[in-house]
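Reader: I am new to this structure and would like to know what stands behind the words used for it. Please set each term against its rule.

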Amino acid sequence: MSAPQLQGLRPDLAAIAAMIRPGTRVLDIGCGDGALLEHLVRTKGVDGRGIELSQQNVNACVARGLSVMQGDADTDLSEYPSGAFDAVILSNTIQATERPRLVLEHLLRIGRRTAVSLPNFGYWKVRLALLATGHMPRTRNLDYSWFDTPNIHLCTLSDFLDLTRLCHASVVEAHALNEKGETRAMRPGTFKAGRLGGPNLLAPGAIFLLKKA
Amino acid sequence: MSEAPKFLRPVTAPGADVGHAVHFGPDRPLALDCGRSLSHFTIAYMTYGALNADKSNAVLICHALTGDQFVASDNPVTGKPGWWTIMVGPGKPIDTDRFFVICANVVGGCMGSTGPAENDPATGDPYGLSFPLVTVRDMVRAQAMLVEQLGIAKLLAVVGGSMGGMQALQWAASYPGRVRGVMPIACAARHSAQNIAFHEVGRQAIMADPDWQGGEYQLRGTTPSKGLAVARMAAHITYLSEAALQRKFGRTLQNREALSFKFAPDFQIESYLHHQGASFVDRFDANSYLYITRAMDYFDLAADHDGHLAAAFGANAPRFCIISFTSDWLFPTAESKSIAHALNAVAANVSFVEIKTDKGHDAFLLDEPEMFGTVRGFLNALAGA
């Protein structure tokens with residue numbers, strides 16, 4: 001079952017959009033050029049806010065009429081009050097933060113629901129590349145040399161699931177991403193058991209919707 | 001009602017547009033925070049571009065401490081180009097082909113708006129120190145009267161840097177229903193101890209000049225040029241960053257091969273500051289400098305709301321776009337961020353942008369393409385919304 005393809009929106013972002021309820025307060029951390037946030041504001045009437053590090057992206061957001069704070073997830077989340085948002089989104093960013101656990105704890109504190117998407121270092125092509133070449137893998141999603149990658153905290157989906165338990169979060173729903181970024185909902189049995197079998201090997205990435213347990 | 005403004009100093013650029021002045025009489029006095037009021041006062045202003053049919057495209061620009069209303073056209077007194085021509089004009093980020101731009105000289109100023117150098121109608125002599133202390137809120141109150149006079153019920157935006165940014169914040173706090181978006185640039189919700197300290201150095205330099213004459217220099221036929229120049233020199237250092245000073249001047253000598261072993265200016269930076277001081281006294285009034293620096297010192301938006309900055313902005317606050325510069329140590333980024341947090345606390349629509357530059361506080365007046373992008377995008381989004 002795929003999330004409906006929304007016009008112009010990347011499939012993984014569309015899958016996150018599908019998790020957001022209309023009219024809610026949403027904080028998108030690492031909101032990029034604001035494509036997802038603008039979509040949520042326009043089509044779901046959410047009260048949307050963004051945090052973004054890059055100057056160019058911040059200006060793109062401002063030009064879209066969005067409310068965006070130029071800042072860093074690693075340092076600025078502590079300034080947000082608890083429960084300030086209905087939903088917090090962290091899309092393809094957690095692996096680039098300095099302290100992923102602290103960031104995730106803040107997300108769970110600030111938002112009633114937290115949507116996190118991330119690349120999977122346990123994907124079979126990544127495993128195979130390391131085994132076959134003996135070099136750090138470069139994939140379509142993670143196309144950097146080890147020495148200049150912004151992705152300093154890569155993990156497997158199972159690793160991430162472990163972190164959610166450390167942070168006392170429970171998984172509400174989860175979607176596996178394929179190479180095209182299309183999504184496929186995981187059966188609750190897959191992640192409720194606390195272990196990811198198939199997706200941890202077969203999916204290049206995933207999206208998790210979390211809440212404080 | 002609208003007439004040509006009277007300037008303190010002669011017009012040296014006869015071709016330049018002198019703009020307009022509007023006089024408010026006893027029927028519309030300006031009530032001041034100090035408890036007094038001005039029952040006769042004038043606001044001198046410039047406009048650029050055309051007001052559209054539904055009067056929805058007006059952008060008010062607020063000037064900084066030593067600025068004036070000549071934001072985008074030659075200053076008729078100095079003959080120099082407007083102070084923000086890089087930002088405001090046809091096709092510029094604040095596009096006068098699309099927006100009706102208003103810029104007024106602040107009350108307390110010396111470019112045609114009522115200030116301490118003007119004659120007190122009660123005595124016929126210059127006000128001098130008998131002029132009431134004005135605040136940023138008073139300046140904004142006078143601007144709101146001007147905007148009303150121009151028949152504009154709601155501004156599209158209020159934009160300003162430094163003290164102009166303080167005015168933009170004050171607009172949002174005082175008249176949230178009369179402006180759709182505000183852009184405070186390189187400013188703070190309050191003047192810090194360090195900022196007050198620098199201003200006090202400047203004021204003491206002016207008052208220590210024997211030609212200041214207790215503030216009555218106009219009556220005595222003197223001008224405290226030396227004091228005002230020193231005030232400007234000290235202040236100018238605060239507008240630049242250490243890196244910018246080093247890049248621009250370093251230890252380069254001025255018109256000489258070797259150190260002079262005297263106190264004449266050896267270094268380029270000294271000549272530069274002397275020039276800044278000397279050219280400033282030709283265009284600015286010393287008492288005005290005292291009054292306007294005081295107005296900035298008194299600015300503390302939170303103090304007006306029991307210390308809670310968030311309380312200054314209600315639920316109907318306009319949209320905000322706050323800009324700071326990484327190398328601005330006069331109004332550091334942390335000050336702008338605290339405004340943004342206060343606004344977030346009341347769920348206002350706020351964007352915060354920190355521009356990377358080594359040009360210091362003055363960056364808002366300079367060629368900063370990212371700032372231009374932010375300003376253009378914010379205004380376009382406001383106008384399109």
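Reader: What share of the contacts in chain A with a separation of 6 or more comes from residues 24 or more positions apart?
Author: The share is 67% in this predicted model.

Reader: What makes a residue count as buried, and what percentage of chain A does?
Author: A buried residue has 20 or more other C-beta atoms within 10 Å of its own. Of the 213 residues of chain A, 47% count as buried.

Reader: Which residues of helix 7 of chain A are buried?
Author: Helix 7 spans residues 157-166, and its buried residues are A:L157, A:F160, A:L161 and A:T164.

Reader: Why are they said to line one face of the helix?
Author: The arc is taken from the directions that run from the helix axis to the C-beta atoms. For the buried residues of helix 7 of chain A, these directions fall within an arc of 100°, so the residues line one face. On the other side of the helix, A:R165 and A:L166 are exposed; the cut-off for that word is 12 or fewer C-beta atoms.

Reader: What covers the buried residues of helix 7 of chain A?
Author: The cover includes strand 5 (111-119), strand 6 (169-177), helix 8 (188-192), helix 9 (198-202) and strand 8 (205-212) of chain A.

Reader: How many residues of chain A are in contact with chain B?
Author: By the contact cut-off of 7 Å, 12 residues of chain A are in contact with 18 residues of chain B. Helix 3 of chain A gives the largest share of its side, five residues. By class, this side of chain A has five nonpolar, five polar and two charged residues.

Reader: Which domains does chain B have, and how far apart are their C-alpha centres?
Author: The domain assignment gives domain 1 (2-192 + 300-384) and domain 2 (195-293) of chain B. Their C-alpha centres lie 25 Å apart. Across the boundary, 30 residues of domain 1 of chain B are in contact with 20 residues of domain 2 of chain B.

Terms used: Residues are numbered from 1 along each chain as its sequence is written. Chains are lettered from A and ligands numbered from 1 in the order in which they are written. This is a predicted model: local features need pLDDT of at least 70, side-chain atom pairs count only at pLDDT 80 or more; totals for chains, interfaces and linings use all residues. Two residues are in contact if their C-beta atoms, placed from the backbone, lie within 7 Å. Helices (H or I, at least four residues) and strands (E, at least two) are DSSP runs, numbered from the N terminus. Ala, Val, Leu, Ile, Met, Phe, Trp, Tyr, Cys and Pro count as nonpolar, Asp, Glu, Lys and Arg as charged, and the others, Gly among them, as polar. Domain bounds come from an automatic or database domain assignment.
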